[in-house]
Structures are given as C-alpha cells and as structure tokens.
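This briefing is for a reader who is meeting the structure for the first time. Please look over the sequence and the model before reading the notes.

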Amino acid sequence: MNRFKLFKAGVNVNEALVRVGNDKALYEELLERFKVDERYGRLLAAMAAEDQEEAFQMGHALKGTAGNLGFTRFFDALVPLVESLRTGDLALAKASLPAVEEAYKALVEAI
C-alpha cells in the first residue's frame, strides 16, 4: 500500500484505518477487493442503458463503500450522481458521471 499514491487519489487512509480497527492487512485486503468489485461496471452499464433504478442502487452502494474506505474524492464525486438519480434527474446524473469516472480511475491506479 502506497499511502502517498492513495493520498494523491483522494484517499484518507488514516480515517479508513480507524474504521477497520487499525488493521492494515484488512484494509489492504479491502482495497484489493474493491479493484475487482463489479458494482462500478454495473453502474456504468446502467447509466448507458438509462436504467435509473440499477444505477441508483450501484451508485448508492459504491458511495457507502467509498465512505467506509476513506475514498473521499470518489465519495464526493458520487454524491451528486446518486442524489440526481434519487430525484429522478437522469440528465444531471449523466452530467455528474465524468467526475465519477475520473475519481474512480485515479483511485484504482493508486491501489
């Protein structure tokens, strides 16, 4: 785990470690699991298909994971997308997607 790379990608490692009882090995395992998590791909597919319900579910789940694992930048990018989907504004959600994609890419590269 390269804390500097994670920090540059908007990850608050110290906060996340507190959430996992300062278990560094567990946190590293959760980071690796996140890299292969299918929910991001499902979010993109749902957005492309304009499936608001699926997109909301995947976005909401990813937002929770991002919050729990200290992925601050990714979390902050997901908030407007999820809230737009919650209110039924697909156009605004689509406008929020590039920031989500950028934050996700930086995050996965840092992990």
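The notes below go from the overall fold to single helices and residues.

This is a predicted model, in which local features need pLDDT of at least 70, side-chain atom pairs count only at pLDDT 80 or more, and totals for chains, interfaces and linings use all residues. Residues are numbered from 1 along each chain as its sequence is written, and side-chain values use heavy atoms, with hydrogens and water left out. The protein has seven helices and zero strands; helices (H or I, at least four residues) and strands (E, at least two) are DSSP runs, numbered from the N terminus.

**Overall fold**

- Along the sequence the pattern reads α-α-α-α-α-α-α.
- The radius of gyration is 14 Å, close to the 13 Å that the globule rule gives for 111 residues, so the protein is as compact as a globular protein of that length. The radius is taken over C-alpha atoms, and the globule rule is 2.2 Å times the number of residues to the power 0.38.
- Taken along the principal axes, the box filled by the C-alpha atoms is roughly 40 × 20 × 20 Å.
- Of the 111 residues, 40% count as buried. Buried means under 20% relative accessible area, exposed over 50%, and partly exposed in between (1.4 Å probe, protein chains only).
- Among contacts with a separation of 6 or more, 60% come from residues 24 or more positions apart; a contact means heavy atoms within 4.5 Å.

**Aromatic pairs**

- The whole structure contains six aromatic pairs. Rings of Phe, Tyr and Trp (its six-membered ring) pair if their centres lie within 6.5 Å; planes under 30 degrees apart count as stacked, over 60 as edge-to-face and the rest as tilted.
- F34 and Y104 make a tilted pair, with 5.9 Å centre to centre and 55° between the planes. F34 lies in helix α3 (residues 24–36) and Y104 in helix α7 (residues 90–110), so this pair ties together parts that are 70 residues apart in sequence.
- Both F34 and Y104 are buried.
- Y40 and Y104 make a stacked pair, with 3.5 Å centre to centre and 10° between the planes. This pair also links distant parts of the chain, with Y40 in helix α4 (residues 39–48) and Y104 in helix α7, 64 residues apart.
- The relative accessible area of Y40 is 9%, which counts as buried, and that of Y104 is 13%.
- Ring pairs join F34, Y40, F71, F74 and Y104 into a cluster.

**Helix α6**

- Helix α6 (residues 72–86) has 15 residues and spans 21 Å from its first C-alpha to its last, close to the expected 21 Å. The expected span is 1.5 Å times one less than the number of residues.
- At L78, shortly before the proline P80, α6 has a kink of about 30°. The bend at a residue is the angle between axes fitted to the seven residues ending there and the seven starting there.
- The buried residues of α6 are F74, A77, L78, L81, V82, S84 and L85. Their cover includes α3, α4, α5 (52–68) and α7.
- Just after α6, G88 has a positive phi of about 85°.

**Positive phi in loops**

- Most residues other than glycine have a negative phi.
- N22 has a positive phi near 60° and sits in the loop between α2 (13–19) and α3. N22 is exposed, at 57% relative accessibility.
- E50 has a positive phi near 55° and sits in the loop between α4 and α5. E50 is partly exposed, at 45% relative accessibility.

**Side-chain contacts**

- S96, in helix α7, is buried with a relative accessible area of 11%.
- The S96 side chain reaches the backbone oxygen of L92 at 3.0 Å. Not counting residues up to four places away in sequence, S96 touches P80, L81 and S84.
- R39 is in helix α4, and its side chain makes a polar contact with the side chain of D37 at 2.6 Å. A polar contact is a pair of N or O atoms within 3.5 Å; within protein, one must be able to donate a hydrogen and the other to accept it, and residues adjacent in sequence count only if both atoms are side-chain atoms.
- The R39 side chain also reaches the backbone oxygen of A61 at 3.4 Å. Leaving aside neighbours within four places in sequence, R39 is in contact with M58, A61, L62 and T65.
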